[in-house]
Amino acid sequence: MGRKLDLSGLTDNEAEHVLQVVQRDMRLRKKEEERLSELKQELDEEGSRCLLLSRQSRFNQRCCIRCCAPFTFLLNPKRQCRDCRYNVCKACRVYNKRDKAWLCSACQKSR
């Protein structure tokens, strides 16, 4: 930011209103920064957990990397996420129409 506002041409009421808008904007920006920071931390933790689980022998062939639910042929089939390439269950994925591919919930958030 660092810019100064020249409010000399405004009435006192107008200057007060501009000040309130700027203060509200600053509060909203701070809140959004905090939200994005929390989301980034959550995604980093999810990535670390997935990396650890994927190192287990064939874990992701039998279970969802996101929620650890076992895959079944008809009721809970596995699908590979286009971005991270992990296998995920039906509860942990969404279909991206634009890419015509499955995305896991973490990669969807990341996008």
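This tour goes from the whole chain to single residues, in an order that can be followed by selection in a viewer.

The model is predicted, so local features are drawn from positions with pLDDT of at least 70, side-chain atom pairs count only at pLDDT 80 or more, and totals for chains, interfaces and linings use all residues. Residues are numbered from 1 along each chain as its sequence is written, and side-chain values use heavy atoms, with hydrogens and water left out.

**Whole chain**

Start with the protein chain in cartoon view. It holds three helices and four strands, where helices are DSSP runs of H or I with at least four residues and strands are runs of E with at least two, numbered from the N terminus. Read from the N terminus, the order is α-α-β-β-β-β-α. The radius of gyration is 23 Å, well over the 13 Å that the globule rule gives for 111 residues, so the chain is more spread out than a compact globule. That radius is taken over C-alpha atoms, and the rule is 2.2 Å times the number of residues to the power 0.38. Along the principal axes, the C-alpha atoms fill a box of roughly 70 × 30 × 20 Å.

Switch to a surface. The accessible surface is about 9,000 Å², and carbon and sulfur atoms account for 52% of it; areas come from the Shrake-Rupley method with a 1.4 Å probe, and for residues only the protein chains shown count as cover. Of the 111 residues, 24% are buried. Here buried means under 20% relative accessible area, exposed means over 50%, and partly exposed lies in between (1.4 Å probe, protein chains only). Among contacts with a separation of 6 or more, 22% join residues 24 or more positions apart, a contact being heavy atoms within 4.5 Å.

Colour by charge next. There are 25 positive and 15 negative side chains, and the centres of the two sets lie 16 Å apart. Lys and Arg count as positive and Asp and Glu as negative, without His and the chain ends; each charge is placed at NZ of Lys, CZ of Arg, CG of Asp or CD of Glu.

**Helix α1**

Select residues 22-49. An unreviewed UniProt entry annotates this stretch as "coiled-coil region"; positions are in the numbering used here, feature names are shortened, and such annotations may be inferred rather than shown by experiment. In the model the stretch is 100% helix and 0% strand, with its end C-alpha atoms 41 Å apart.

Now pick L39, which sits in helix α1 (residues 12-54). L39 is partly exposed, at a relative accessible area of 22%.

**Loop between α2 and β1**

Go to P70, in the loop that links α2 (59-62) to β1 (79-80). P70 is exposed, with a relative accessible area of 52%. Leaving out residues up to four places away in sequence, P70 touches R62, C63 and N76. From P70 to C107, 37 residues apart along the chain, the C-alpha distance is 20 Å.

**Loop between β1 and β2, then β2**

Select R85, in the loop between β1 and β2. R85 is exposed at 51% relative accessibility, and its phi is positive, near 70 degrees, though the residue is not glycine. Most residues other than glycine have a negative phi.

Move on to N87 in strand β2 (residues 87-88). N87 is buried, with a relative accessible area of 10%. Beyond its neighbours within four places in sequence, N87 has contacts that include N60, Q61, F71 and K78.

**Loop between β3 and β4, then β4**

Select D99 and K100 together. D99 lies in the loop between β3 and β4, and K100 is found there too, between β3 (93-96) and β4 (101-104). K100 is exposed at 65% relative accessibility and has a positive phi of about 55 degrees without being a glycine. D99 touches R82 and R111, not counting residues up to four places away in sequence.

End at C104 in strand β4. C104 is buried, at 0% relative accessibility. Apart from neighbours within four places in sequence, C104 is in contact with R66, C81, C84, V88, C92 and R93. D83, 21 residues away along the chain, has its C-alpha atom 8.2 Å from that of C104.
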